[in-house]
Amino acid sequence: MNVLLLGASGMIGQRIADELLDRGHAVTGTSRSGAVDGVDREGFETLALDATDADAVADAAADHDAVISALGPSEDADLDILVAMAEAVLSGLRESGTDRLLWVGGAGSLYVAEDTQFVETEDFPDELVPLAQAHIDAFEVVREADDVEWSYLAPPGIIEPGERTGDYRTAEGELVVDDEGDSYITCEDYAVAVADELEDGDAVHAHLGVGY
């Protein structure tokens, strides 16, 4: 496939780019500056893009089979930018004619009980609540887009660089935990889950938790 990867310069975005390239897909990776450090391979191109500009997203998405968003706010940005980016990306996709979207979300949106999201628990760090809520607000925008073939993949409580094993589990709308109650995955294995969903399309219009 020919994939537009928004936010390719981030920790997760870089791993998704590598996983897609390993599978033979062509990737156009975007960042605010156009620089994507750590990915310099055949089949990879870079593009400077303001993801709050729907027209720019439309131009970038044209002639691509799918768009993957690994977007996140910069350290000095207002967290409301996540909602603005979700709105612009969806508008841009509609204008471009590309209707497949995979969105890298936040763990806070996942449920740990019938009426309790992870962000509402004592285990969720207080300092991350505003960011988690911004991700949830952006998800609400994405989930209303019935005319776009979206999939929302949320990581577990902890995601960090590590080994690629190819193993992971998913759960519809739920935080994935292992037998010890830990909620964890490496960026590399999360990227495997994203690439698998891109290729298989088993979770269109679905909110998936990913973890071990």
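Helices here are DSSP runs of H or I with at least four residues, strands are runs of E with at least two, and both are numbered from the N terminus. The UniProt record, an unreviewed entry, places the feature "domain: NAD(P)-binding" at residues 7-199. UniProt positions are given in the numbering used here, feature names are shortened, and annotations may be inferred rather than shown by experiment.

Two remarks on method. This is a predicted model, in which local features need pLDDT of at least 70 and side-chain atom pairs count only at pLDDT 80 or more, while totals for chains, interfaces and linings use all residues. Residues are numbered from 1 along each chain as its sequence is written, and side-chain values use heavy atoms, with hydrogens and water left out.

I turn to the sheet. In which order do its eight strands stand? The order is 3-2-1-4-5-8-12-10, in an open sheet with mixed pairing. Two strands count as paired if DSSP finds at least two bridges between them. Strand 3 (44-48) and strand 10 (169-172) each have a single partner strand, so one side of each is left without a neighbour in the sheet. On average, neighbouring strands are turned by 25 degrees against each other, direction ignored. Axes are lines fitted to C-alpha atoms, for helices over the stretch in contact, and angles run from 0 to 180 degrees between N-to-C directions.

Consider strand 1, residues 2-6. Four of its five residues are buried, where buried means under 20% relative accessible area, exposed means over 50%, and partly exposed lies in between, with a 1.4 Å probe and protein chains only. Strand 1 pairs with strand 2 (residues 26-31) in the parallel sense over four bridges, and Asn 2 stands opposite Ala 26 in strand 2. Four bridges also join strand 1 to strand 4 (residues 66-69), again running parallel; here Leu 5 has Ile 68 as its bridge partner. Together with helix 1 (residues 11-22), strands 1 and 2 make a right-handed β-α-β unit. Right-handed means that, with the strands pointing away from the viewer, the path from the first strand over the helix to the second runs clockwise.

Strand 8 is the next element. Five of its six residues are buried, so strand 8 is largely enclosed by the rest of the structure. Strand 5 (residues 100-104) runs parallel to strand 8 and is joined to it by five bridges. Arg 100 is partnered with Glu 149, and Val 104 stands opposite Leu 153. Strand 8 is also joined to strand 12 by four bridges, in parallel, with Ala 154 opposite Gly 209.

Two helices lie across these strands. Helix 3 (residues 81-96) lies across strand 1, strand 4 and strand 5, at about 165 degrees to strand 5. Helix 5 (residues 187-200) lies across strand 1, strand 4, strand 5, strand 8 and strand 12, at about 165 degrees to strand 8.

I come to the aromatic side chains. Rings of Phe, Tyr and Trp (its six-membered ring) pair if their centres lie within 6.5 Å; planes under 30 degrees apart count as stacked, over 60 as edge-to-face and the rest as tilted. By this rule there are four aromatic pairs. Why is the pair of Phe 139 and Trp 150 edge-to-face? The ring centres are 6.2 Å apart and the planes stand at 80 degrees, so the pair falls in that class. Phe 139 lies in helix 4 (residues 129-143) and Trp 150 in strand 8 (residues 149-154), so the pair ties together parts that are 11 residues apart in sequence. Phe 139 is buried at 3% relative accessibility, and Trp 150 is buried at 5%. A further pair, Tyr 184 and Tyr 212, is tilted, with 5.9 Å centre to centre and 45 degrees between the planes. Tyr 184 is partly exposed at 26%, as is Tyr 212 at 24%. Finally, Phe 139, Trp 150 and Tyr 152 form one aromatic cluster.

Conventions: Contact = heavy atoms within 4.5 Å.
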